[in-house]
Amino acid sequence: AANEKAQLELAKKQAEHDEQLKVERAEHDEQLLREVTEAAKEAQAQAEKEALERASKAKKHRDSLTSAVQEAQEKSKSAAKPKHYAMEEPASPPPPILWEPADTRPATPGTPPPA
């Protein structure tokens, strides 16, 4: 009887120990799950932040390319337009003639030559 009582006591202690191990394992698993979940949330937030930064850089690059293309198109249009000569400085007057041109009229008989 004492032997059976000792075996029962041992079995009871073993069952309590097994239950304690199950509880500790469950608590440990829950802690791991919380840590993994937190790490996943942080990784997701970091990935979103990096994606936003890349999108922002891409938008800035696209905007700068767009403005460069617009500038080039405007320069091209202005180069293709006819020049407005009225807007330019007026031409300087011709220099004064310092000599008298020769008389190139054909001579008619009976008229004296020019002096």
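Helices here are DSSP runs of H or I with at least four residues, numbered from the N terminus. Keep that handy for the exercises below, and remember that you're working with a predicted model.

**Exercise 1. Get the overall picture**

Work out how many helices and strands the protein chain has, and what share of its residues is buried.

*Solution.* Next, check burial. Buried means under 20% relative accessible area, and 0% of the 115 residues in the chain are buried.

**Exercise 2. Track down the salt bridges**

Find how many salt bridges the whole structure holds, then work out which residues the network links.

*Solution.* Step one: a search of the whole structure turns up two salt bridges. Step two: take Asp 63 and Lys 59, whose side chains meet with an N to O distance of 2.9 Å. Both residues sit in helix α1 (residues 2-80), four residues apart, or about one turn of the helix. Step three: Asp 63 also bridges to Arg 62, with the closest N and O atoms 3.5 Å apart. Put together, Lys 59, Arg 62 and Asp 63 are linked in a network of salt bridges.

**Exercise 3. Classify the network residues**

Decide whether Asp 63, Lys 59 and Arg 62 are buried, partly exposed or exposed.

*Solution.* Asp 63 has 35% relative accessibility, so it counts as partly exposed. Lys 59 comes in at 45%, so it's partly exposed. Arg 62, at 48%, is partly exposed too.

**Exercise 4. Spot a charged patch**

Name the residues that gather in a patch of negative charge on the surface.

*Solution.* The patch brings together Glu 24, Glu 27, Asp 29 and Glu 30. To place one of them, note that Glu 27 lies in helix α1.

Notes
Residues numbered from 1 in each chain as written. Predicted model: local features only at pLDDT ≥ 70, side-chain atom pairs only at ≥ 80, totals over all residues. Heavy atoms only, no water. Buried < 20%, exposed > 50% of the residue type's maximum accessible area, 1.4 Å probe, protein only. Salt bridge = Lys/Arg side-chain N within 4 Å of Asp/Glu carboxyl O. Helix = DSSP H or I, 4+ residues; strand = E, 2+ residues; numbered from the N terminus. Patch = residues over 30% accessible without salt bridge, like charges linked within 9 Å, V, L, I, M, F, W, Y side chains within 5 Å. Areas by Shrake-Rupley, 256 points an atom, 1.4 Å probe, with all protein chains shown as cover. Lys, Arg positive; Asp, Glu negative; His and termini not counted. Charge placed at Lys NZ, Arg CZ, Asp CG, Glu CD.
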